[in-house]
Amino acid sequence: MAEHTSDVVVLGGGSGGYAAALRAAELGKSVVLIEKDKLGGTCLHRGCVPTKALLHAGEVADSARHAATVGVRAALEGVDIAGVRSYREAIVAKKFAGLQGLVAARGITVVSGAGRLTPDRAVQVGDDLYRGGDVVLATGSYSRTLPGLEIGGRVLTSEQALELDEIPAHVVILGGGVIGVEFASVWRSFGAEVTIVEALDHLVPTEDVALSKALERAFRKRGIASRLGVRFAGVTQTPDGVTVRLEDGTELHADYLLVAVGRGPATDGLGFEDAGVALDRGFVVVDDQLRTGVAGVWAVGDIVAGLQLAHRGFQQGIAVAERIAGLSPVIVPDSQVPRVAYSSPEVASVGLSEAAAREAHGDAVVTYEYNLAGNARSEILGTAGIVKVVRLADGPVIGVHLAGDRVGELITEGQLAVGWEAHPEDIAPYVHAHPTQSEALGEAFLALAGKPLHAR
């Protein structure tokens with residue numbers, strides 16, 4: 001067995017892993033990056049990037065469909081799913097090539113193969129052993145299913161849904177979280193009939209209820225059906241379709257069932273526990289610095305309990321690399337990580353929901369909602385939605401919640417307000433360009449500062 005040594009060994013080349021590798025190399029460390037598939041991981045190849053390409057294609061289809069409303073003579077002749085696939089694959093290929101070039105330019109050694117952590121703090125790949133002064137675990141996540149619900153045939157996860165070579169006539173989506181509402185949005189834009197089944201009472205149930213209701217209204221207007229507060233009971237499939245049974249006795253017939261019930265940590269069978277790394281429900285147990293209980297072994301990304309978001313893993317990878325190099329990066333709690341569902345309309349948030357704020361602070365909470373109907377740019381874009389800001393009474397902003405087309409581009413301002421514990425009175429004097437959707441956020445800050453202009 002050949003043994004190789006470096007300063008840092010990273011197991012997993014997704015968002016968290018490659019960020020750790022890049023930053024560690026930038027800080028002068030020798031780095032080995034081990035990846036069994038392709039650099040970029042799920043986000044680049046099977047998740048964030050390709051799904052957003054599909055959503056953009058859906059947006060273009062909707063623009064053509066409704067072009068007459070703005071005086072443009074256009075017609076939607078149809079969606080060429082092969083052409084959409086080529087567009088999506090070209091985007092991914094370009095980003096993949098760029099990432100490969102960046103990693104090579106930093107002098108990072110990339111090892112292709114499935115790695116396993118050994119008890120003596122090394123990573124074994126085939127007959128080779130890679131030993132580092134520090135090891136970063138970044139093995140990502142997988143699509144979950146429900147007990148007894150087998151994936152296959154016409155029962156899909158998001159990975160198989162991306163590869164479909166047809167536009168279904170009707171799809172049932174099990175799960176109304178981010179993955180579910182994004183696929184519902186794109187399929188509806190492509191012309192499919194869509195029904196979402198969500199066991200909880202609202203779509204995107206982890207968000208502020210005001211955002212959930214705004215999305216539900218918009219989806220009803222788009223013709224996307226939702227069955228909320230009812231549980232899945234079972235599915236049968238034939239060569240031509242599926243029949244989905246719900247616990248209330250309802251049966252739904254469709255071409256496909258998409259299972260979008262979340263993602264689980266990819267930690268099974270990788271030697272973590274044998275090496276002394278503690279797991280809790282499959283997630284790696286870490287402290288607030290992302291250290292495991294084994295000296296010199298760290299964990300980042302989806303295998304760390306909390307928000308499973310590529311940009312969270314990316315930030316964690318950078319932070320761990322800096323700690324390995326002796327720096328002291330700021331700890332960013334999950335409450336300050338922005339969250340976006342890229343459906344139409346989009347849903348974006350950072351900080352505490354009103355319910356969570358009241359649970360933590362009681363009556364010392366003040367909220368304000370501004371309707372995008374009063375925003376000129378939103379009217380031009382033809383989007384409805386809201387801006388909701390949560391603050392402590394006479395205190396800082398602790399939550400920002402947005403619903404509407406393109407509002408994901410605004411959430412960074414919300415993150416700055418929450419992360420820097422800004423008071424609305426601090427932000428109100430700053431000027432938002434006109435006409436932009438950012439003015440809606442400015443109006444909410446003005447109102448909470450006691451000087452509303454366009455709001456009441």
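Biologist: Among contacts in the protein chain between residues at least 6 apart in sequence, what share joins residues at least 24 apart?

Modeller: A contact here means heavy atoms within 4.5 Å. Of the contacts between residues at least 6 apart, 63% join residues at least 24 apart. Do keep in mind that this is a predicted model, where local features need pLDDT of at least 70, side-chain atom pairs count only at pLDDT 80 or more, and totals for chains, interfaces and linings use all residues. Residues are numbered from 1 along each chain as its sequence is written, and side-chain values use heavy atoms, without hydrogens and water.

Biologist: Happy with that. How many helices and strands are there in the protein chain?

Modeller: Both are DSSP runs numbered from the N terminus: helices (H or I) of at least four residues, strands (E) of at least two. The chain has 13 helices and 24 strands. Its radius of gyration is 23 Å, close to the 23 Å of the globule rule for 456 residues, so the chain is as compact as a globular protein of that length. The radius is taken over C-alpha atoms, and the rule is 2.2 Å times the number of residues to the power 0.38.

Biologist: And what percentage of the residues in the protein chain is buried?

Modeller: Take buried as under 20% relative accessible area, exposed as over 50%, and partly exposed as in between (1.4 Å probe, protein chains only). By that reading, 50% of the 456 residues are buried.

Biologist: Now the charges. How many salt bridges does the structure hold?

Modeller: Side chains of opposite charge can pair when their charged atoms come close. The cut-off is a side-chain nitrogen of Lys or Arg within 4 Å of a carboxyl oxygen of Asp or Glu. The structure holds 26 such bridges. One of them joins Lys 52 and Glu 182, at 2.9 Å from N to O. This pair spans 130 residues, from helix H3 (residues 48-65) to helix H6 (residues 178-189). Lys 52 is partly exposed at 25%, while Glu 182 is buried at 6%.

Biologist: Which residues are linked in a network of salt bridges?

Modeller: Asp 208, Glu 354, Arg 358, Glu 369 and Lys 388 are. Within it, Lys 388 bridges to Glu 369, with the closest N and O atoms 4.0 Å apart. Lys 388 is in strand S23 (residues 386-392) and Glu 369 in strand S22 (residues 365-371), so the bridge ties together parts 19 residues apart in sequence. Lys 388 is buried at 2%, and Glu 369 is partly exposed at 42%.
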